[in-house]
Amino acid sequence: MSEAELDRAVELLVRQVGHWQQPRWAATAAGGNVSRADLVHRLVQEVANLAADAEGGPRREVPRLDNDLALPDQLRVVAADLVAAAPPPEVLARAAVEVTATRDAL
């Protein structure tokens, strides 16, 4: 898995949700019992954890901001952090799978 493939997966998700307003974020994700915003925040946290592990640093909680419209930007930032950590290809692949699965669940 290359950095470009992870970037592409992130960009596809951001394009899907980037124009959403608050009511759409608050709706329940397909086949689940959490909101779409909670699902995307969970993804942001998972990618941040992968980045922390790749850097050899401690995992930190990604803040849950009051405005769900910031979630696409948070995802971009943690994905860039992961790529900057230069993890092995299997870590990039795991992140891309998580992004794609989240996108499918929205």
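The questions and answers below concern this predicted model.

Q: Why is Gln74 called buried?
A: Gln74, whose place is in helix H4 (residues 71–84), has a relative accessible area of 13%. Buried means under 20%, so Gln74 is buried.

Q: What makes the approach of Gln74 to Pro63 a polar contact?
A: A polar atom of the Gln74 side chain lies 3.0 Å from the backbone oxygen of Pro63. The cut-off for a pair of N or O atoms is 3.5 Å, and the pair is therefore within the limit.

Q: Which residues is Gln74 in contact with, leaving aside its neighbours within four places in sequence?
A: They are His41, Val44, Val62, Pro63 and Leu65. For each of them, contact means heavy atoms within 4.5 Å.

Q: Why is Glu61 called exposed?
A: The relative accessible area of Glu61 is 72%. Exposed means over 50%, so the term applies to Glu61. Glu61 lies in the loop between H3 and H4; from Val44 it is 17 residues apart in sequence and 10.0 Å apart in space, C-alpha to C-alpha.

Q: Why is Ala101 called partly exposed?
A: Ala101, in helix H5 (residues 89–105), has a relative accessible area of 43%. Buried requires under 20% and exposed over 50%; the value for Ala101 falls in between, and the residue is therefore partly exposed. Ala101 and Leu43 are 58 residues apart in sequence, with their C-alpha atoms 9.5 Å apart in space.

Q: How do you know that the length of helix H3 agrees with its number of residues?
A: Helix H3 (residues 36–55) has 20 residues, and at 1.5 Å a residue it should span 28 Å. The expected span is 1.5 Å times one less than the number of residues. The end C-alpha atoms of H3 are 29 Å apart, which agrees. H3 is followed by Gly56, whose phi is positive, near 75°.

Q: What makes H3 mostly covered?
A: Of the 20 residues of H3, 15 are buried; each of these has under 20% relative accessible area.

Q: How do you know which helix supplies the largest share of the lining of the largest pocket?
A: Six residues of the lining come from H3, and this is the largest share. H3 and H4 each supply at least two residues. The pocket, with about 200 Å³ of space, is lined by 14 residues, of which Ala48, Ala52, Glu55, Pro58 and Arg60 lie nearest its centre. The lining divides into six nonpolar, three polar and five charged residues.

Terms used:
Residues are numbered from 1 along each chain as its sequence is written. This is a predicted model: local features need pLDDT of at least 70, side-chain atom pairs count only at pLDDT 80 or more; totals for chains, interfaces and linings use all residues. Side-chain values use heavy atoms; hydrogens and water are left out. Helices (H or I, at least four residues) and strands (E, at least two) are DSSP runs, numbered from the N terminus. Buried means under 20% relative accessible area, exposed over 50%, partly exposed in between (1.4 Å probe, protein chains only). A polar contact is a pair of N or O atoms within 3.5 Å; within protein, one must be able to donate a hydrogen and the other to accept it, and residues adjacent in sequence count only if both atoms are side-chain atoms. On a 1 Å grid over the protein atoms alone, a cavity is a set of points where a 1.4 Å probe fits but cannot get out, and a pocket is an open set with protein on both sides within 12 Å along at least five of seven lines; lining residues have an atom within 4 Å of a point. Grid points are joined across faces, edges and corners, and a volume is the space filled by probe spheres set on the points. Ala, Val, Leu, Ile, Met, Phe, Trp, Tyr, Cys and Pro count as nonpolar, Asp, Glu, Lys and Arg as charged, and the others, Gly among them, as polar.
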